[in-house]
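Here are my notes on this model, jotted down as I went through it. Have the coordinates open while you read.

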Amino acid sequence: MSVIHQLENVTKTAVKELFQVDLEKVEVTLTRKDQNGHFTIMVFPMLRQIKGNPAVIGEQIGAYLQENTELIGSYEVIKGFLNVTLTNAVFIIAFNEMLSNSKYGFTPVDDSSPGIMVEYSSPNTNKPLHLGHIRNNLLGYSVAQILEASGRRVNKTQIINDRGIHICKSMLAWQEQGNGETPESTGLKGDKLVGNYYVKFDKQYKEEIAQLINEGIDPKEAEKQAPSLLKAQEMLRKWEAGDPETVALWEKMNGWVYDGFEVTYNNLGVSFDSLYYESNTYLLGKDIIEEGLQKGVFFKKDDGSVWIDLSDEGLDEKLVLRSDGTAVYMTQDIGTAIQRVKDHPINAMVYTVGNEQDYHFKVLFLILKKLGYDWAENLHHLSYGMVELPSGKMKSREGTVVDADDLMEEMTATARKIALEQGKLDGLSAQEQEDLFKIIGLGALKYFMLKIDPVKNMMFNPEESVDFQGNTGPFIQYAHARIKSILKKAQFDSTKLNANSDLDITDKDIAIIKTIEQFPDVIHHAATKLNPASIANYTYELVREFNSFYQNVPKIVEEENADLKQFRLLLCYKTALVIKDACSLLGIDVPEQM
């Protein structure tokens, strides 16, 4: 049991004995740095059930705790706030309990309980992944890791947008201009090759529009009449009709893209447990619309189109089926959500999608609730803001979109440059150095992306993110490597995980124990809020506490008191474990040496 929970329990007992009141909750916080004490027991909330002067009540509780428990070394009351200083033994005993749990902070997954599905990435198969996809993937993957650490069974998924006019555009351009090019013949990743033909289509399309406008055709008509667009539309009709030649070309080019995506995902360190393809789901939902019509959830207009009226919920009318009977994106999303619950033992879903879709998901979730699905109460939109780079930092193929692979290569190159300047690579082979540069570069990228609240727009600066000082990934990675160096130098024995509870330890020692002890609550909070920033910023605070400890406590390895030396080495050992585990929730690797 954590120290705070012990304090809460004994305070409830004290209040029951002193005032014959059963408190449902006791609020305990860390004591302000400008006051004495480890923790502060909040007296003012108790006044709802206990009548009297808060300072007097605090004195009575403090005296009771000191006399009747072995927790309290001293206490003082400041304006109704009861500050308590705990004995050293309490912290060391609590620390020994943490040491006994190799996955401290993590809740074992209950395989018998309903799971939760986390959707992220969901790219189009006509172009490579870009900077926006990086934030999306890192958020979704991290939230999945955090949910699993909180005890949830998680299924990581994506829906791949593999059909539609945009796919046919790149297919048409390759068919007409490709001369049989393949990823193998060009040396290009498949997604890059297909993306190049999407760009070529766009270039030709714009040239055709300009030509038609020069011939006196209205610009809007020119956009509709351009030969390339008409051919792409005809190709889409053939695909929907199952034309063998068109379907074969679609399968071949999409296969190239999937191979390219897999390389990017592997380099980024994200993975999926299940995949959905829009080509398989775009017809889903129509039968659900018919059921909803019969239930009165939807209504039909004179032209035959089907709608839902959400004006009572502060929204408006929303189309769910066109007058010609074809589906819209909302129809597909309704059908896909229902299908996923049929396919997997889940009762909750998280959609990692940019904030431009906030309205769409409000409508989707409301519709599913009105259709009577209980699990619709457990649907969440992990909405996130835009991510941009400082102008001139990087250029992509088109000069507007930052390619994900290019960005990761740039991050590794930046890490290589800074690490070589730092000159702390003794004993590492050339390959080990390259592996380290990648770990640092990707750690910098991931941490910078995830330390910011998802709802906020962000400016990502590659150079700033790889700084070895401040709130950055490399700063945290370096702390882990430093601790590993200390343990190696001391020839630390990780089989003896117990500290003597009679030791005279300092406030710096206690500060680390208090910070480590917060880890389970931080994971729970991050899982509840679907916010990896909680984990990132907690890890930074833990590293700061360790650095303060390291600077203020006499040399650990040279400590003459064997028990105290062992305790502090254990403190280093557990701090490194928590740093590593916290970073794993962000998808970040931590090196043994930097």
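1. Strand 3 (residues 72-78) and strand 4 run antiparallel to each other, joined over 6 bridges. Two strands count as paired here if DSSP finds at least two bridges between them, and strands are DSSP runs of E, at least two residues, numbered from the N terminus. Across this pair, Ser74 faces Thr85 in strand 4. The hairpin of strand 3 and strand 4 has 2 residues between the strands, and Lys79 takes a positive phi near 50° there.

2. A word on provenance: this is a predicted model, where local features need pLDDT of at least 70, side-chain atom pairs count only at pLDDT 80 or more, and totals for chains, interfaces and linings use all residues. Numbering starts from 1 along each chain as its sequence is written, and side-chain values use heavy atoms, with hydrogens and water left out.

3. Strand 4 (residues 81-86) also pairs with strand 2 (residues 39-42), again antiparallel, over 4 bridges. Look for Thr40, which sits opposite Asn83 in strand 4.

4. Now go to Asn461, in the loop between strand 14 (458-459) and helix 17 (462-465); helices are DSSP runs of H or I, at least four residues. Is Asn461 buried or exposed? Asn461 is buried, at 18% relative accessible area (buried is under 20%, exposed over 50%, partly exposed in between, with a 1.4 Å probe and protein chains only). A polar atom of the Asn461 side chain lies 3.1 Å from the backbone nitrogen of Glu463, and the side chain also reaches the backbone nitrogen of Glu464 at 3.2 Å.

5. How many cavities of 30 Å³ or more does the structure hold? There are 2. A cavity is a set of points on a 1 Å grid over the protein atoms alone where a 1.4 Å probe fits but cannot get out, and lining residues have an atom within 4 Å of a point. The largest has a volume of about 60 Å³, and its lining includes Ala419, Leu436, Phe468 and Met594. Helix 15 (404-422) and helix 16 (430-450) are the elements that give two or more residues to that lining.

6. The second largest cavity holds about 30 Å³ of space. Among its lining residues are Thr125, Ile167, Trp250 and Asn254. Helix 5 (165-177) and helix 10 (244-268) each give two or more residues to the lining, with the largest share, 4 residues, coming from helix 10.

Terms used
A polar contact is a pair of N or O atoms within 3.5 Å; within protein, one must be able to donate a hydrogen and the other to accept it, and residues adjacent in sequence count only if both atoms are side-chain atoms. On a 1 Å grid over the protein atoms alone, a cavity is a set of points where a 1.4 Å probe fits but cannot get out, and a pocket is an open set with protein on both sides within 12 Å along at least five of seven lines; lining residues have an atom within 4 Å of a point. Grid points are joined across faces, edges and corners, and a volume is the space filled by probe spheres set on the points.
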